[in-house]
Each structure stands twice: as structure tokens, then as C-alpha cells.
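Take a look at the model below. The report that follows goes through its surface, its fold and its charged pairs.

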Amino acid sequence: TTGDTGYTANSTAHTPAGDYLQEAADALRHLVEGTEEDRATVAALTAANVTSNSTNATLTQQEEHMAATVTAKDSDIAQLNTNIQELTKTLNNVFNNNNTKP
């Protein structure tokens with residue numbers, strides 16, 4: 001029997017050494033096949049991780065952009081509140097001045 005390992009065991013050699021060699025060749029072939037499956041799994045996980053990292057980078061950029069937007073809007077809100085307070089004072093002064101004149 002010849003496997004991907006390059007080793008050959010003569011299945012007609014019914015000696016303890018021949019049987020042992022056949023078992024060793026079978027075990028090695030099984031190990032190689034399992035390792036190839038594991039290698040494919042590692043490649044798939046690596047690809048998934050690359051995709052995940054890319055997605056994470058995109059989400060981080062979006063998060064930073066939104067955080068900057070919120071900060072700018074908070075600043076606008078504070079400025080508008082100040083403007084409203086100043087306008088309220090001015091209108092109250094005008095109203096009070098008009099009501100105090102004879």
C-alpha cells in the first residue's frame with residue numbers, strides 16, 4: 001500500500017515486522033490527512049479573522065466619527081443654550097422697559 005507519505009508497506013508480508021510497517025504507514029497516512037484538514041481549518045479561521053479585523057477597523061472608524069459628531073453637536077447645543085439665555089435676558093429687558101414707561 002502506498003499513501004501520500006511516500007512510504008510503501010507490502011501488505012502480503014505477513015510477518016510481525018511487515019504488519020508493524022503497514023500499521024505505521026496507515027497511521028502516518030491518517031496523520032497526514034488529519035493535518036491537512038487542520039491546515040484547511042487554520043486557513044479558514046485566518047480568513048475569518050482577517051474579515052473580522054477589517055470589520056472591527058471599519059466599526060472603530062465609524063465609532064470615532066460618531067463620537068466626533070456627538071462632541072460637535074454637544075458644543076452646538078451648549079452654544080444654542082447660551083444664545084437662548086442671552087436672548088431671553090434681552091427680551092425680558094425690553095419687556096420690562098416697555099412696561100415701566102408711563
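## Burial and surface

Buried residues make up 5% of the 102 residues in the protein. Here, buried means under 20% relative accessible area, exposed means over 50%, and partly exposed lies in between, using a 1.4 Å probe and protein chains only. The accessible surface of the protein comes to about 8,500 Å². Carbon and sulfur atoms hold 58% of that surface. Such areas come from the Shrake-Rupley method with a 1.4 Å probe, and for residues only the protein chains shown count as cover.

This is a predicted model: local features need pLDDT of at least 70, side-chain atom pairs count only at pLDDT 80 or more, and totals for chains, interfaces and linings use all residues. Residues are numbered from 1 along each chain as its sequence is written, and side-chain values use heavy atoms, with hydrogens and water left out.

## One helix

The protein has 1 helix and 0 strands. Both are DSSP runs, numbered from the N terminus: helices are H or I with at least four residues, strands are E with at least two. Helix α1 covers residues 16-100, which is 85 residues. From first C-alpha to last, α1 reaches 121 Å. That is close to the 126 Å expected at 1.5 Å a residue. The expected span is 1.5 Å times one less than the number of residues.

Which residues of α1 are buried? They are Gly-18, Gln-22 and Ala-25.

## Salt bridges

How many salt bridges does the structure hold? It holds 3. A salt bridge is a side-chain nitrogen of Lys or Arg within 4 Å of a carboxyl oxygen of Asp or Glu.

Arg-29 pairs with Asp-26, and their closest N and O atoms are 2.5 Å apart. Both lie in helix α1, 3 residues apart, about one turn of the helix. Arg-29 is partly exposed at 22% relative accessible area. Asp-26 is partly exposed too, at 30%.

## Two further pairs

Arg-39 forms a salt bridge with Glu-36, with 3.2 Å between the closest N and O atoms. These two also sit in helix α1, 3 residues apart, about one turn of the helix. Arg-39 is partly exposed at 48%, and Glu-36 is partly exposed at 43%.

Lys-89 bridges to Glu-86, where the closest N and O atoms are 3.8 Å apart. Lys-89 and Glu-86 are 3 residues apart in helix α1, so about one helical turn separates them. Lys-89 counts as exposed at 51% relative accessibility, whereas Glu-86 is partly exposed at 44%.
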